[in-house]
2 protein chains.
Amino acid sequence: MRQNSEPSAAPSDLRADNRLQTETATGAIGYRLRRAQLNVFQKFLAIFDALKLRPAEYSVLVLIGDNPGRKQTEIAEVLGIKRANFVTLVHGLEERNLVERIPSAQDKRANALHLTENGKAFLADAQARHAALEEETVARLGGPAARAQLLSLLDRLL
Amino acid sequence: MRQNSEPSAAPSDLRADNRLQTETATGAIGYRLRRAQLNVFQKFLAIFDALKLRPAEYSVLVLIGDNPGRKQTEIAEVLGIKRANFVTLVHGLEERNLVERIPSAQDKRANALHLTENGKAFLADAQARHAALEEETVARLGGPAARAQLLSLLDRLL
DNA sequence: TATTGTTATACTCTATAACTATA
DNA sequence: TATAGTTATAGAGTATAACAATA
């Protein structure tokens, strides 16, 4: 390794306040999207930590609540979760008495997924907390019109 | 809560087309943000796969290019990368002859990071590809005004 | 033959603890 | 005492292959 032969006088890359030039690295749309998404996700995590519920688990509960009796593969596929990884996830929910895996009569290979009574109450609580977070997020955006505007712009990126 | 204005023939869990009800699970701002972000990121990955460059590595190169001579810790901190994980990342860039770790004369504990000549050329190529992707993304959004609108909305979520 | 649920496995990202050599 | 770089390690999240039971 060679020694540092830089001149000690402050060039343009050593700014007066000693802070880094970050504009090039952080100006892209992808980067800004990621930052905002991580920020919103972090608030989600903070709220749902109390319920020991992770984002994927919450999505699964909501989807089963709206679509009782579906197969594991169907629920997993909609959420972009691999069959293999879905097994562990749903077993965890079953151990917590939130979800039931009921062997299907029509297709003996398949399990029909249902929420337990306990799971329904738990989900209602979780959804209430989620709704409160959503409301706060809309408020930060500047109201329902701003929310619609954001979603419209985001949809153009799909 | 508003009434259901849908032309309701089938119950939500047994729809005629056998598709799942996904609106509850996928309507939230966080979810939509995540989808859009993943989509943009995927295009980024597709382009940068050819350069065998991962997002974090690209950010590091850009940041070193704009701020030559900085310590590993400084670069890592700005990007939210842990010191420990940054070591492997920067060693990989050094092995590819893109970055030099030059022992600092002032502080013998520290390494000053610089791009090699090869690294500068490589970064210029990567940035050209990135700029093309950014241009395409802005076009999909609907032009510079839409881009500004999106960034303004995203900033409200920080 | 194809599909469902499952196990095993591996790879990436991220996070923490602890060491060394300097400051 | 504190900091810079490093090593080791562990936990999530995600990916594929292969198997048994069933279609």
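Helix axes are here lines fitted to C-alpha atoms over the stretch in contact, and the angle between two of them runs from 0 to 180 degrees between N-to-C directions. In the predicted model described here, this description applies to two helices of chain A, namely α3 (residues 55–66) and α5 (residues 83–95), which pack at an angle of about 75° with their axes 11 Å apart. Since angles of 65 to 115 degrees count as roughly perpendicular, α3(A) is therefore roughly perpendicular to α5(A). On the α3(A) side, the residues that take part in this packing are Ala56(A), Glu57(A), Val60(A) and Leu61(A), and they meet Phe86(A), Leu89(A) and Leu93(A) of α5(A). Sorted by class, the contact of α3(A) with α5(A) holds six nonpolar residues, one charged residue and no polar residues.

Attention now turns to the interface between the two chains. The size of an interface is often given as the accessible area lost when the parts come together. For chain B and chain A, the buried area is about 5600 Å², and carbon and sulfur atoms give 63% of that area. Within the part that chain B buries against chain A, Leu20(B), Ile29(B) and Leu157(B) supply 12%, which is more than any other three residues. In terms of residues, the contact draws 58 from chain B and 55 from chain A.

By class, the side of chain B that touches chain A has 26 nonpolar residues, together with 16 polar and 16 charged ones.

Over all chains, the count comes to 16 salt bridges, and the count between chain B and chain A is two. In one salt bridge, the side chain of Arg32(B) meets that of Asp155(A), at a distance of 2.8 Å from N to O. In another, the side chains of Asp155(B) and Arg32(A) meet, with an N to O distance of 2.8 Å. Because Asp155(B) lies in helix α7 of chain B whereas Arg32(A) lies in helix α2 (residues 29–49) of chain A, this pair joins two chains.

Key
Residues are numbered from 1 along each chain as its sequence is written. Chains are lettered from A and ligands numbered from 1 in the order in which they are written. This is a predicted model: local features need pLDDT of at least 70, side-chain atom pairs count only at pLDDT 80 or more; totals for chains, interfaces and linings use all residues. Side-chain values use heavy atoms; hydrogens and water are left out. Contact means heavy atoms within 4.5 Å. Buried area is the accessible area (1.4 Å probe) that two parts lose on being put together, summed over both. A salt bridge is a side-chain nitrogen of Lys or Arg within 4 Å of a carboxyl oxygen of Asp or Glu. Ala, Val, Leu, Ile, Met, Phe, Trp, Tyr, Cys and Pro count as nonpolar, Asp, Glu, Lys and Arg as charged, and the others, Gly among them, as polar. Helices (H or I, at least four residues) and strands (E, at least two) are DSSP runs, numbered from the N terminus. Angles under 35 degrees count as roughly parallel, over 145 as roughly antiparallel, 65 to 115 as roughly perpendicular and the rest as oblique.
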